[in-house]
Amino acid sequence: MDFELLSEEAKSGKHQELMDKVVSFAVSLDYLEADYKYSNTSAPNLIANPEIKSPGDSTDEAMAFLANIIKEKIDNEVKVYFELLPYLEKFEEKLQIKLTSQQRKYFMCIFRVGMGLSLIENLSGLNLERFCHPSISNILHMPRQVLEGLTKHGFECDFSFLGDNDSQMSHIKLALYVGYFQSKYNGESADSVMEFIVPKTI
């Protein structure tokens with residue numbers, strides 16, 4: 001993401017543009033080989049070659065460079081997936097819900113939206129000590145619009161199992177915050193990030 005551009009959009013109150021880009025960021029990190037099984041915590045080896053840093057002068061070198069860009073993207077998808085998996089497991093446990101693999105895929109994408117908002121805040125100069133920047137907070141409080149953005153990218157899920165509309169939106173908003181705080185305080189464990197989450201709070 002272009003954090004400088006996103007910073008300017010956030011500062012100028014361009015919430016829709018910011019929303020669209022952070023949702024696109026979250027979708028782009030979807031790990032297609034993920035099985036969403038909590039027992040499978042072994043991440044595959046990284047496949048990108050860190051020594052390939054430029055296209056080089058030959059066609060073969062240029063092709064290797066382009067192939068390595070794709071491998072780096074896959075490595076990023078893998079890294080984020082296995083980083084968020086224990087948070088997703090704790091999310092289910094704390095809220096006493098049972099998600100299917102497809103529902104887990106969706107909620108992890110929502111986590112990544114929250115994570116993207118935190119990255120924008122931290123890396124673009126919007127970070128306020130002990131506070132969430134208003135432009136970031138606005139999106140964290142717009143779960144319905146986040147879902148609409150994900151739908152445009154083909155991410156859809158039936159949340160009726162969570163109860164009425166208010167309950168559904170509360171779960172989505174909570175998932176956004178889990179992703180946000182997981183990234184903002186990335187040294188904290190899943191237990192720590194969700195220490196005070198219990199079903200009756202939502």
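Buried means under 20% relative accessible area, exposed over 50%, and partly exposed in between (1.4 Å probe, protein chains only). The model is predicted, so local features need pLDDT of at least 70, side-chain atom pairs count only at pLDDT 80 or more, and totals for chains, interfaces and linings use all residues. Residues are numbered from 1 along each chain as its sequence is written, and side-chain values use heavy atoms, with hydrogens and water left out.

**Stop 1**

A salt bridge here is a side-chain nitrogen of Lys or Arg within 4 Å of a carboxyl oxygen of Asp or Glu. Asp30 lies in the loop between α2 and α3 and Lys105 in helix α4, so the pair ties together parts that are 75 residues apart in sequence. Helices are DSSP runs (H or I, at least four residues), numbered from the N terminus.

Asp30 has a relative accessible area of 9%.

**Stop 2: Asp191 and Lys90**

Select Asp191 and Lys90. Their side chains meet in a salt bridge (2.7 Å, N to O). Asp191 lies in helix α8 (residues 190–193) and Lys90 in helix α3, so the pair ties together parts that are 101 residues apart in sequence. Asp191 is partly exposed, with a relative accessible area of 45%. Lys90 counts as buried, at 13% relative accessibility. Back at the first stop, shared partners join Asp30, Lys105 and Arg112 into one network of salt bridges. The count of salt bridges comes to seven.

**Stop 3: aromatic rings**

Rings of Phe, Tyr and Trp (its six-membered ring) pair if their centres lie within 6.5 Å; planes under 30 degrees apart count as stacked, over 60 as edge-to-face and the rest as tilted. The count comes to 12 aromatic pairs. Select Tyr36 and Tyr81. Their ring centres are 5.2 Å apart and their planes at 90°, so the pair is edge-to-face. Tyr36 sits in the loop between α2 and α3, and Tyr81 in helix α3, 45 residues apart. Tyr36 counts as buried at 4% relative accessibility, and Tyr81 counts as buried at 3%.

Next, select Phe91, Tyr106, Phe107, Phe111, Phe155 and Phe159. These residues form one aromatic cluster.

**Stop 4: the core**

Which residues touch the most other members of the largest nonpolar core? Select Tyr81, Leu88, Phe91, Phe107, Ile110, Phe111 and Leu150, from a core of 53 residues. A nonpolar core is a set of buried Ala, Val, Leu, Ile, Met, Phe, Trp, Tyr and Cys residues joined through side-chain atoms within 4.5 Å. In soluble globular proteins, nonpolar side chains tend to be buried together.

Zoom in on Ile110. Not counting residues up to four places away in sequence, Ile110 touches Leu147, Leu150, Ile172, Ala175 and Leu176. Contact means heavy atoms within 4.5 Å.

**Stop 5: the outside**

Finish with Ile70, in helix α3 (residues 59–95). Ile70 is exposed, with a relative accessible area of 55%. Then select Glu148, in helix α6. Glu148 counts as partly exposed, at 45% relative accessibility.

Notes:
Helices (H or I, at least four residues) and strands (E, at least two) are DSSP runs, numbered from the N terminus.
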